[in-house]
Amino acid sequence: MSFHGFNSLDALRISIASRLGLNSGARGSQEDYAPMIGQLLIDEARNNERRIGAFRALVSLAYLALAVAARLAGHDSTSTPLILAAAAWSAASAALYFALRGGWYPPRLRRVIPVGDALALAIGAALVERRSEQLAETHAALAGNISILCACLVFTGALRLTPIGTFISSALAILSFVAVAFIAHLRPMPVIGIVTGLIGLSMLAGGVTEAIRRVITTEVRRLKAARLVERANARTAEAQSASKAREEVLRIVAHDLRNPLGTLLMASDLLAEPSMSQELRSKQADVIKRTGARMNRLIQDLLNVARMDTGTMSIDARPIDPAQLVASAIELMRPLAIEKTLTLDAEPVQGLPEVSADAERIGQVFSNLIGNAIKFTPAGGSITLRAEGSDAAVWFSVVDTGPGIPPEQVDKVFAEFWQARRTDSRGIGLGLTIAKGIIEAHGGKIGVHSEVGVGTRFWFGLSCANAGDRTGATAAVSEEQPLRQRRMSPRVD
């Protein structure tokens, strides 16, 4: 499909899209490339107009300088009106150039500027002719200079990308020269020769316009190929990211099953004791049952752990007593604490309002926080659970008497796969990340306060179930700090 006959940048854009096979392609391809093609055309047209403006400003300023110099040297051929007209045109040319350089480019400018250039040539020629009517040498010089400027006017049309732009500039250049020839009383034969030359130059300018458009098409094709390569690379990176995400999910599953599995094995060992009473057997059997159900829930939930990053983790929040959450966590994790000769207790939890929470997921948070404390607290230490209430939230804490976390590492504890010591084989650094994601999915906030050599306190807040304004309650949890900022000195019973 030829470019000839397209008299606007929009039509030219459609032509280029057709050449690239985008008009018949998917809608997505058109939406992707049409703006790019249009922007390339606008940028090229503005840059070309800026180049023309620079040439115009240079020529007009050079003429003004020569005219002023001639006037100062005592020559009478340069009149005051001509100097004033040259000064006005130089100022207008410079202003237009700087406006184009600053990004200003209305579409109609491509047709208005050639008219202004043609009028400037005609007016300038008339002022020169009026001053030197009797000088044949001046007539010849005027004809030569105007023919050169008209040839430049024809060429500027080639830089405006469309055939109509070339036609307008060429027609105005020929009309301007004919007007000047009439004013200067030039002989017919030189006029016909110069007009013929201008017509031939306009035909060549049309070829230059076509070449420029072909260059733009080639550039768009190159950008299209580059974008296809970029998309292919993006798909490859996405596939690699998905593979990595699957591996991380498997690691999370393995990590989060370790604590309940330990509880399950401990309860099984206790059941094997022949001296255990029937009541204790029943209790341990219940622990095994609940732990098995919890492991099954964890397997299903952790397969969707990647949703934490997008904020789409599902939460089945219901009113629940904070004391029940604390008691369940103590009962589930105490066997692991006893095995390491640690004391795991809770401060009395009474009179607190119910919280809106997913009990299983909050149990998972407690399991990860307590498990982390068990991992790092030396034998003989203690771990204490606390719950404190405020108007809109209940704040839970897990306090240990471990070695504490150095200040430079406190901000890293919730990062995926972070470990205080890279050689630590007791986990893969996902427990705190999971806890953070669960609390944030509840609309709450989780944090840590630690002192080296004293201990560590992990805390999180949950909205009260009876809060009238759920949005306000969530905001309170997100912004309010726990009520009592105690030092890390939990009771050791």
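1. A disulfide is counted here when two cysteine sulfur atoms lie within 2.5 Å of each other. By this rule the model has zero disulfides. For C152, the nearest cysteine sulfur belongs to C150 and is 9.2 Å away.

2. On the basis of the notes: this is a predicted model, in which local features need pLDDT of at least 70 and side-chain atom pairs count only at pLDDT 80 or more, while totals for chains, interfaces and linings use all residues. Residues are numbered from 1 along each chain as its sequence is written, and side-chain values use heavy atoms, with hydrogens and water left out.

3. Burial is judged by relative accessible area: under 20% is buried, over 50% exposed, and in between partly exposed (1.4 Å probe, protein chains only). C464 is buried, at 3%, whereas C152 is partly exposed, at 25%.

4. A nonpolar core is a set of buried Ala, Val, Leu, Ile, Met, Phe, Trp, Tyr and Cys residues joined through side-chain atoms within 4.5 Å. The largest one has 42 residues, and F366, I370, L385, F396, F460 and L462 have the most contacts inside it. At least two residues of this core come from each of several elements, including α10 (359–376), β4 (382–389) and β7 (455–463); helices (H or I, at least four residues) and strands (E, at least two) are DSSP runs, numbered from the N terminus. The largest share, eight residues, is supplied by α9. Apart from this core lies another, of 24 residues, with L127, I174, V180 and V195 among them.

5. Contact means heavy atoms within 4.5 Å. Leaving aside neighbours within four places in sequence, I370 is in contact with A329, M333, L344, I383, L385 and V398.

6. Strands pair if DSSP finds at least two bridges between them. Five strands form an open sheet with mixed pairing, in the order β2-β4-β5-β7-β6. Its edge strands, β2 (343–346) and β6, each pair on one side only. β2 and β4 are joined in the parallel sense over four bridges, and A346 stands opposite L385 in β4.

7. How does α10 lie relative to the sheet strands? α10 lies across β2, β4, β5 and β7, and runs at about 175 degrees to β7. Axes are lines fitted to C-alpha atoms, for helices over the stretch in contact, and angles run from 0 to 180 degrees between N-to-C directions.

8. V112 belongs to helix α4 (residues 109–131). V112 is partly exposed, with a relative accessible area of 47%.
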